[in-house]
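Subject: Structure for your review

Dear colleague,

Please find below the structure that I am handing over to you, together with its sequence. My notes on what was found in it follow directly after.

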Amino acid sequence: MATARAGPGSLPVPGARFFCTAGRGLEPFVMQEVRARLAATQVECTSGKVFFTTCSDLNMLKKLKSAERLFLLIKKQFPLTASSVTKGKILNKVQRLINDDPQSWLDAISVWKNLLELDVNREELSQSVANPLKRKQEEDESIIAKKLKTEEMQRVEESHGECQLEEDRQGQRDATDEREKAGEGDTRKEVKEAAGTGSQKDLTFRVSCRCSGSIGKVFTAQEIGRVIGIAVMKQFGWKADLRNPDVEIFVHLNDIYTVVGIPVFRVPLASRTYIRTAGLRSTIAWAMASLAEIKVGTFVLDPMCGLGTILLEAAKEWPEGYYVGADVSDSQLLGASDNLKSAGLNDKIELLKVSVIELPLPSESVDIIISDIPFGKKFKLGKDIKTILQEMERVLHVGGTLVLLLSEDHHKLLIDGGGSHAPSVPKGTHADECEVKQCLTPDGKAAISEKVTAAHETGNQEHSDKLLPFGSLVPVRCYKVSLGKTNAFICKYKKSSHSGL
C-alpha cells in the first residue's frame, strides 16, 4: 500500500485535521489504513468515527477504502447535555458552536479551498503533459476510423440491414460514452467553481444535521440545523442554498461528542465508481481482503463470489495476485462479469460456474480463500455450511488463509456445532488493531507470519482433540461488523495441518 505523498504539481496541506465515518466494527481498519496510506498522526477513534491529522492531498485522500465518508474537521467537543436544561439554553449552546470561535470556521474553509485548488492545479498540469500525446493518438484514430468507414461502406452495399443495426448500436455506445464524459466534466466543473470562489462571503452553504441520544429526544435535526444555519449567515454572511451549495456543513450531536465538519467529497468514499452492480458493501469487502495478506503471485479464490465485490476490491488494491471467482448462479456470474468489465479487470479475475461443494481444484492448491457466506431471505445454507467449509479446507494449502463473512446464526452454528469444546476466536480491541496494522503495512507482513504461526501451534495443541469437523482451520481473529439492519462476523482462519481428506 502506498503511503502519503503529494501528486505532481501539488503540495500537501500542512497538518489538516479530518475525520472519517465508518461502519460499526470497521473502525480498527480505518485507523490502520489512514496510518499506512496517509501517514496520519493523532489518530483517535470513537464509535463510527475516526479522527486524524494528515498532510495528504485530495489525490491520496480519495484512495481510502475502508471509510464511508471523509470530512474536514471544524470542531469536536464534549456533548451538549439536554437534561435539566431549558430548550432555550441548549439552543444558545448550539449557536456558540459558531459564535465562540469563528476563526476555526474560517481556517477550515481556507484549508478546504486550498485542497480543491491544489487538486485543480494537479489535474491541469497532468492534462497539459498529456495533451500532445492525446492529439497524436486522436490523429491516428482518425486515420484508422476513415479507413474502417470506407470498408464499412463496402459492406453496407452487400448487407445494408446488418450494418444499419450495428451503426445504431455503435451510436448508442457513443452516446453512453459522451454522457459519462459529460458527467466527469460536470464534477470537475463543480470543483473548479468551488475552488475559484473569490471571497469567503460569496460562499453558499447548507446544513446537514444528525441528532441522537438525549438531545435527539428534545430536538429534531431540522430544528438544530435551522439554528446553526441562521448563526452561520449572521456570523459570516454566507447564503443558504439547499440544492447546489458550495459547501455542506455536517453536524452530529449525541451523548458522546459534538462534531462539526465539511465533507471533502460529495460522493461517499464507499460508493465505488468502478462497480456497476453493487453487492456486498465495498468497505466490508476491502476489510476482508486486507486481512488475507495477499502477496505477489498469491492464488486467491472466492468460491461463492456472487457479483464479485470481494475480488474486485482485492484486485484493485493488490493487483499482483491471481484471482478466481466461482458461483453456481448464471445471473450472479453475469453481474460479476459486468462489474469486471466496468472496473477494467477482465484480465485479472477468472470466473467459473461451479459448486462450492465440488470445486474442480486439486487438494491444497489455493493460497487464500475469501468469501461472503450467503445468508438472509434470498440465500439460506443452514447445515450445509459445514460441508462448504470442509471443501474449502480441502483445497487450501497448509499455512493458507481463510477469511469469511458469517451471519450471526452461522457464527453461532459453528460455535455450537463443536459444543463447549469449540475453539474460541481471539478477540480484543488492541490485538485487533495490531492484526490489521500488520496486514496493511508492508513491514508487518513478515512479522505477522511468525506471530500467527506461533499462535496457531499453541492453539492447535490446546484444541487438538476438540476441533470442529474442519479441524485443521485454526481461528485467528474475529470482528463483529454492522451490515445495516443486521450484524455479521469477519472471521479469519489459518490452516495449520493437512486435512486428511
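Two strands are taken to pair if DSSP finds at least two bridges between them. In that sense β4 and strand β8 (residues 258-263) are paired, antiparallel, over 6 bridges, and within this pairing L73 has G261 of β8 as its bridge partner. Please bear in mind that the model is predicted.

Strand β4 also pairs with another strand. Strand β1 (residues 16-21) runs antiparallel to β4 (residues 69-77), and 4 bridges join the two. One of the residues involved is C20, whose bridge partner in β4 is L70. C20 has a relative accessibility of 0%, so it counts as buried. C45, by comparison, has a relative accessible area of 38% and is therefore partly exposed. As for disulfides, the count comes to 0, a disulfide being a pair of cysteine sulfur atoms within 2.5 Å.

The nonpolar interior comes next. In soluble globular proteins, nonpolar side chains tend to be buried together. Here the largest nonpolar core has 53 residues, and those with the most contacts inside it are F18, F52, L70 and V232. A second, separate core consists of 36 residues, among them L280, L333, Y479 and A488. Leaving aside residues up to four places away in sequence, F18 touches V50, F51, F52, T54, L61, L70, F71, L72, L73, L115 and V264.

S56 lies in the loop between β3 (49-54) and α2 (58-61). With a relative accessible area of 3%, S56 is buried. Its side chain reaches the backbone oxygen of L38 at 3.4 Å, and a polar contact of 2.9 Å joins the side chains of S56 and T54.

N244 is found in the loop between β6 (239-240) and β7 (247-253). At 43% relative accessibility, N244 counts as partly exposed, because that value falls between the 20% and 50% limits. Not counting residues up to four places away in sequence, N244 touches T204 and R266; with R266 there is a polar contact between side chains, at 3.0 Å. N244 and F205 are 39 residues apart in sequence, while their C-alpha atoms are 8.3 Å apart in space.

With kind regards

Technical notes. Residues are numbered from 1 along each chain as its sequence is written. This is a predicted model: local features need pLDDT of at least 70, side-chain atom pairs count only at pLDDT 80 or more; totals for chains, interfaces and linings use all residues. Side-chain values use heavy atoms; hydrogens and water are left out. Buried means under 20% relative accessible area, exposed over 50%, partly exposed in between (1.4 Å probe, protein chains only). A nonpolar core is a set of buried Ala, Val, Leu, Ile, Met, Phe, Trp, Tyr and Cys residues joined through side-chain atoms within 4.5 Å. Contact means heavy atoms within 4.5 Å. A polar contact is a pair of N or O atoms within 3.5 Å; within protein, one must be able to donate a hydrogen and the other to accept it, and residues adjacent in sequence count only if both atoms are side-chain atoms.
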